[in-house]
Amino acid sequence: MVKAKLAGMPKRPMSAYFLWMNDIGRAEVKKANPGASITEVSKECGAAWQNIDPSVKAKYEKKKDEAKKAFDKTYAAWLADGGEELLAQQKKDKKAGKSQPSLPKSQEEEEGRVL
């Protein structure tokens with residue numbers, strides 16, 4: 001189940017592993033295994049990350065730390081600009097069990113919700 005994103009809420013930063021994987025890891029694995037499925041590519045990337053040179057890993061850890069600092073700033077600004085109320089409302093709605101009620105089939109068709 002996908003968590004509903006609140007208005008303007010900043011996106012969490014990627015981990016060092018995902019930064020590396022998006023930068024060079026995935027491309028290297030696909031180059032070595034052109035016919036590999038997504039699952040196989042992910043497994044190979046995970047194994048490569050485990051055995052990666054510590055200096056390369058440190059480079060991506062540093063990028064992750066920088067992204068985390070930037071996220072913390074934007075998140076604090078979002079909280080101060082009304083985000084705290086949105087989080088409280090979301091928690092209250094979740095506790096109350098609020099969800100969009102399902103409509104009868106005929107009403108869904110009238111509102112154009114039929115897929």
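A crossing of two helices is right-handed if the near helix is turned clockwise from the far one by less than a right angle. The legends below refer to a predicted model.

**View 1. Overall fold of the protein chain.** The secondary structure consists of four helices and zero strands, in the order α-α-α-α along the sequence. Of the 115 residues, 14% count as buried. Among contacts in the protein chain with a separation of 6 or more, 67% are between residues 24 or more positions apart.

**View 2. Helix α2, residues 38-50.** At 1.5 Å a residue, the 13 residues of α2 should span 18 Å, and the end C-alpha atoms are 18 Å apart, which agrees.

**View 3. The two sides of α2.** Val41, Cys45 and Trp49 are buried. These residues cover an arc of only 70° around the axis, so they lie on the same side of α2. Lys43 and Gln50, on the other side of α2, are exposed. The cover over the buried residues includes α1 (16-32) and α3 (54-96).

**View 4. Crossing of α1 and α2.** Two packed helices are described by the angle between their axes and the distance between the axes. For α1 and α2, the axes come within 10 Å and cross at roughly 115°. Angles of 65 to 115 degrees count as roughly perpendicular, and α1 and α2 are therefore roughly perpendicular to each other. Their crossing is right-handed.

**View 5. Residues at the contact of α1 and α2.** From α1, the residues involved are Ala16, Tyr17, Trp20, Met21, Gly25, Arg26, Val29 and Lys30. They meet Val41, Ser42, Glu44, Cys45, Gly46, Ala48 and Trp49 in α2. Val41, Cys45 and Trp49 are buried residues of α2.

Methods. Residues numbered from 1 in each chain as written. Predicted model: local features only at pLDDT ≥ 70, side-chain atom pairs only at ≥ 80, totals over all residues. Heavy atoms only, no water. Expected span 1.5 Å × (residues − 1). Buried < 20%, exposed > 50% of the residue type's maximum accessible area, 1.4 Å probe, protein only. Arc of directions from axis to C-beta. Contact = heavy atoms within 4.5 Å. Axes fitted to C-alpha atoms, helices over the stretch in contact; angles between N-to-C directions. Parallel < 35°, antiparallel > 145°, perpendicular 65-115°, else oblique.
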